Amino acid sequence: MIKLTRTSGKEFVLNADLIVEVQETPDTVITLTNGKKLLVKDTADDIINKVVNFRQEIMAGISRTGERS
C-alpha cells in the first residue's frame, strides 16, 4: 500500500498491485487494473519510488523471517 495525494489535497492509500500505468499529462494519471483512472498530485517518479520502497519492505520482511507466501 502506498500513500498518495488527490488533486484536492486529500490523502489516500492505494494498493500498489493495482497500478497498470502512470502518465504525466502534465497532471499525473494512474490507470488501475479495473480501468479506473485516478488523478493525483504525486509525480510519476514519486509514485515509482513509493512502489519500489513498498516492495523492498515486503522483501526485507520475507528475508528476516525466512518465509515466503
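The following questions and answers explain how terms are applied to a predicted model of one protein chain.

In this predicted model, local features need pLDDT of at least 70 and side-chain atom pairs count only at pLDDT 80 or more, while totals for chains, interfaces and linings use all residues. Residues are numbered from 1 along each chain as its sequence is written, and side-chain values use heavy atoms, with hydrogens and water left out.

Q: What makes up the chain in terms of helices and strands, and in which order do the elements run?
A: The chain has one helix and five strands, in the order β-β-β-β-β-α from the N terminus. Helices (H or I, at least four residues) and strands (E, at least two) are DSSP runs, numbered from the N terminus.

Q: Why is Thr-28 called buried?
A: Buried means under 20% relative accessible area, exposed over 50%, and partly exposed in between (1.4 Å probe, protein chains only). Thr-28 has 4% relative accessibility, and therefore counts as buried. Thr-28 belongs to strand S4, residues 28-32. Over the chain, 28% of the 69 residues count as buried.

Q: Which residues does Thr-28 touch, leaving aside residues up to four places away in sequence?
A: A contact means heavy atoms within 4.5 Å. Val-22, Gln-23, Leu-38, Leu-39, Val-40, Asp-42, Thr-43, Ala-44 and Ile-47 are the residues that Thr-28 touches.

Q: What makes the approach of the Thr-28 side chain to the backbone oxygen of Asp-42 a polar contact?
A: A polar contact is a pair of N or O atoms within 3.5 Å; within protein, one must be able to donate a hydrogen and the other to accept it, and residues adjacent in sequence count only if both atoms are side-chain atoms. The side chain of Thr-28 reaches the backbone oxygen of Asp-42 at 2.7 Å.

Q: How do you know that Asp-42 and Lys-50 form a salt bridge?
A: A salt bridge is a side-chain nitrogen of Lys or Arg within 4 Å of a carboxyl oxygen of Asp or Glu. The closest N and O atoms of Asp-42 and Lys-50 are 3.0 Å apart, and the pair forms a salt bridge. Asp-42 is buried at 9% relative accessibility, whereas Lys-50 is partly exposed at 28%.

Q: How many salt bridges does this rule give?
A: The count comes to three. One of them joins the side chains of Glu-11 and Lys-3, with N to O at 4.0 Å. Lys-3 counts as partly exposed, at 47% relative accessibility.

Q: What makes Asp-17 and Arg-55 a salt bridge, and which parts does the pair tie together?
A: The closest N and O atoms of Asp-17 and Arg-55 are 2.9 Å apart, and the two residues form a salt bridge. Asp-17 lies in the loop between strand S2 (11-14) and strand S3 (19-24) and Arg-55 in helix H1 (residues 44-65), so the pair ties together parts that are 38 residues apart in sequence. Asp-17 is partly exposed at 48%, and Arg-55 is partly exposed at 37%.

Q: Why is Glu-24 called neither buried nor exposed?
A: Glu-24 has a relative accessible area of 47%, and so is partly exposed. This residue is found in strand S3.

Q: Where does a polar atom of the Glu-24 side chain lie relative to the backbone nitrogen of Ala-44?
A: The two atoms lie 2.7 Å apart. Beyond residues up to four places away in sequence, Glu-24 touches Thr-43, Ala-44 and Asp-45.
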